[in-house]
Amino acid sequence: MQVMLLSMPDSFEHMPSVAIRMPNGALASLAGNLDAHHRVAVADLILVQSRVRETVQRLVREHEPDVVGLSVMTFQRRTALRLIALLRALRPQIRIVVGGYDPSLAPEAYTSALEAPDFLVRGEGEMTFRDLIRAVEGHSDYAHIPGLSYRVNGGFLHNPDRPITGLEGDQIKPPNRDARVLSGYTMVGRQVDVVETSRGCTFDCSFCSIIEMRGRNFHTYTFDRVLADIRDARAHGAQTIFLVDDNITLNVRRFEALCRAIIDARLNGLEFVVQAMTSAIAGHGTSLAPAMRQAGFRYVFLGIENILEGDLDFLRARAKNSGRGASGEAANATIQAINVLHQHKMYVVGGLIVGNPGDTRESIEANLEFARRYVDYPYIQHPTPYPRTPMTKDFRERGLIVSEDVQEYDGTTAVVRSEHLTAEEIEFLRWRAERWMKLRHLPSALLHSPGFAMRHGIKMMAHTFRGSSFRSLVGLEDERKAFARYRGIRKAERAYV
Ligand code: B12
Ligand code: SF4
C-alpha cells in the first residue's frame, strides 16, 4: 500500500518558519513501524508553509496514496479539516486517518466534522497505525484494534484504549527518516532533527496534555537505541538534535549518563537542544551541567512557568520548580538552575506562562522583568485551555475563557482573561516586552550561523517586530496601534490552506 503522512504547516510566534522548521518526530516513527513492503512518504508541511495547497496536490499526484495520515495539535485543527477536504477532492478513494494530541483528546471535533476522517488513532500511534494498515490491506474488520476509532454507517465506533507501549524492548522500531520527501529542516541555519530518548511524565501540571494523553508513567529507550538514532539523524544531515522527550529530566541520573554516553560515542560534535525541569537542573546541576555542556547541549528550554508561588500553585507546577535554599528551606529553583546552565555556557530559553486567573498587571510585569533579567531567550506563553486538561476545567468553571476558536490556541494568543485583566491586555503586555528580549539574543544566534544571518537576519528581525513601525518603536505612535496591526497579521497568516 502507498501511505502518506503529513504534519501541519501551522507554526506559532516563537517558531518563525524562516528560522525554525523541525521535523515531526511522530511521523518518522509511524513510518518506521509499518510493515516493510508498504511505500511511505512523510511530508512536514512546515517546510512549504507558503505553498501548502500546491505541494499537497503535487504529492498526491506523484505518490497516489491509498491512506493519508495527519498529525494534529489543537491549534492546527482547522488546517487539518481543510486538508481532509482537499485530499478528498483530489483523490476520493483515499482513506484518511488523524492522530496526535488533538484527535486523541478531542475526538468529537473530528468525528462530528463535515469532513470527518475515516479513522482516528488515539494515544500512541505506532502499533495502532501498523495494525490499521494491515486491516485495510487485508480487508479485515477493525474491531480488534485497540486505540482506534472508525467510521461505520455514518457514525463512529471507538475501540477500547491501547495500553502504553514499553520502550525498553524492541516493540517500537526506529524511525524511518528515508521516508521524508521534503527538505529544508533548519534551526537558525543548522539542519535539525528530532530524537526521543523516553516518553511520559509522572508530574501533573494542570496546563499539560500529557497525563490525559498517556497517564502518569515514564518509559525509556536503551542508550544503544538512542545513540543509533542520533547517528541515523546525523547520517541524514542533522547538525542539531532536539530531544523531544516529554520530560527527560524526570530521571536525572539517566540523563547525565546519557550525556556521558553521547560523549563516549563521539557524538558530541553535534549540537543538542532539550527541554528540562528547573528542580532537576538546580538540584543536580553541579555534575549534570558540565556533562551536558561537554555532550554538546547549547539551548535548554527551562519550564519555569511562573516566578510567583500563587501562580505556580494554579499551574500545579510548584513541585517541579522547588529547590532547597542554602539553609535547607524550600526555595524556587529557577535562579539556581539558570545560574548553573550559564556557568557552563549554555543558553536558557525561559518558558513562562502569564495571564493566570489571579494575574494583575504587576504580577505579569514581575514575570516579564524576571525574563528580561535572567533568561537568554524568552518563550512566554499564555495559559491555553487545551482539551481535557485540568486547567481548562478550572478556566471554564470560572468563566474566563474568551475565545472558543481553537485556531487561536497557539500559546501566544491570549484566549483566557484573568480576574483583573482582559485577554487582549495580557497579550499586549507580553508582546510589547518580549520583542525586545528576543532582539537582544539575535546577535549571538546569528553569529553562530553567519551565513544564515546574511541571508535571513533581516527577515528574522522583521518577524520579531511584525506590526511595529519606526514611529511606534521611537514612541511617536501608540504601541497599541502596532499591536493591533500585529494581531491582524497573525490572524491573516493562519490561513495556510
Ligand atoms: C517536543 C515538543 C515540542 C517541540 C516540537 C518539536 C517537533 N517538531 O516535534 C517544540 C518545543 C518546538 C514545540 C512547540 C509547540 N508545542 Co509542543 N510539545 C512537544 C512535546 C514535549 C513532545 C512532542 C513529541 O514530539 N513527542 C514524541 C512523538 C513521537 O510523540 P507524539 O507527538 O505524541 O506522537 C505520538 C502520538 O501522538 C501519535 N500520533 C501523532 N501524530 C500522529 C498521526 C497519525 C496519522 C497517527 C496514526 C498517530 C499520530 O503517534 C505518535 C507515536 O506514538 C509535547 C508533549 C509534552 N510533554 O509537552 C508538547 C506538545 C505536543 N506541544 C504542544 C503545544 C501546544 C506546542 C505549541 C503550540 C506551543 C507550546 N506549548 O510550545 C508549539 C507549536 C509548535 C509549532 N508548530 O509552531 C502541546 C499540544 C497540546 C494540544 N492539545 O495540541 C503539547 C502536548 C504540550 C502541552 N501543552 O500539553 N513542542
Ligand atoms: S513536567 Fe512537563 S511534561 Fe510533565 S506534566 Fe509538567 S509540563 Fe507536562
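This is a predicted model: local features need pLDDT of at least 70, side-chain atom pairs count only at pLDDT 80 or more; totals for chains, interfaces and linings use all residues.
Mentor: Residues are numbered from 1 along each chain as its sequence is written, and side-chain values use heavy atoms, with hydrogens and water left out.

Trainee: Happy to start! Why is α10 called roughly parallel to α12?

Mentor: The axes of α10 (residues 278–295) and α12 (residues 334–343) cross at roughly 10 degrees and come within 8 Å. Angles under 35 degrees count as roughly parallel, over 145 as roughly antiparallel, 65 to 115 as roughly perpendicular and the rest as oblique. So α10 is roughly parallel to α12.

Trainee: Which residues of α10 meet α12?

Mentor: T278, I281, A282, G285, T286, A289 and M292 meet T334, Q336, A337, V340 and L341 of α12, where contact means heavy atoms within 4.5 Å. The residues of this contact divide into 7 nonpolar, 5 polar and no charged.

Trainee: What makes V98 count as buried?

Mentor: Buried means under 20% relative accessible area, exposed over 50%, and partly exposed in between, with a 1.4 Å probe and protein chains only. V98 has 1% relative accessibility, so V98 counts as buried. V98 lies in strand β5 (residues 95–99).

Trainee: Which residues does V98 touch?

Mentor: Leaving out residues up to four places away in sequence, V98 touches L70, I84, P103, Y110, P117, F119, L120 and V121.

Note on methods: Chains are lettered from A and ligands numbered from 1 in the order in which they are written. Axes are lines fitted to C-alpha atoms, for helices over the stretch in contact, and angles run from 0 to 180 degrees between N-to-C directions. Helices (H or I, at least four residues) and strands (E, at least two) are DSSP runs, numbered from the N terminus. Ala, Val, Leu, Ile, Met, Phe, Trp, Tyr, Cys and Pro count as nonpolar, Asp, Glu, Lys and Arg as charged, and the others, Gly among them, as polar.
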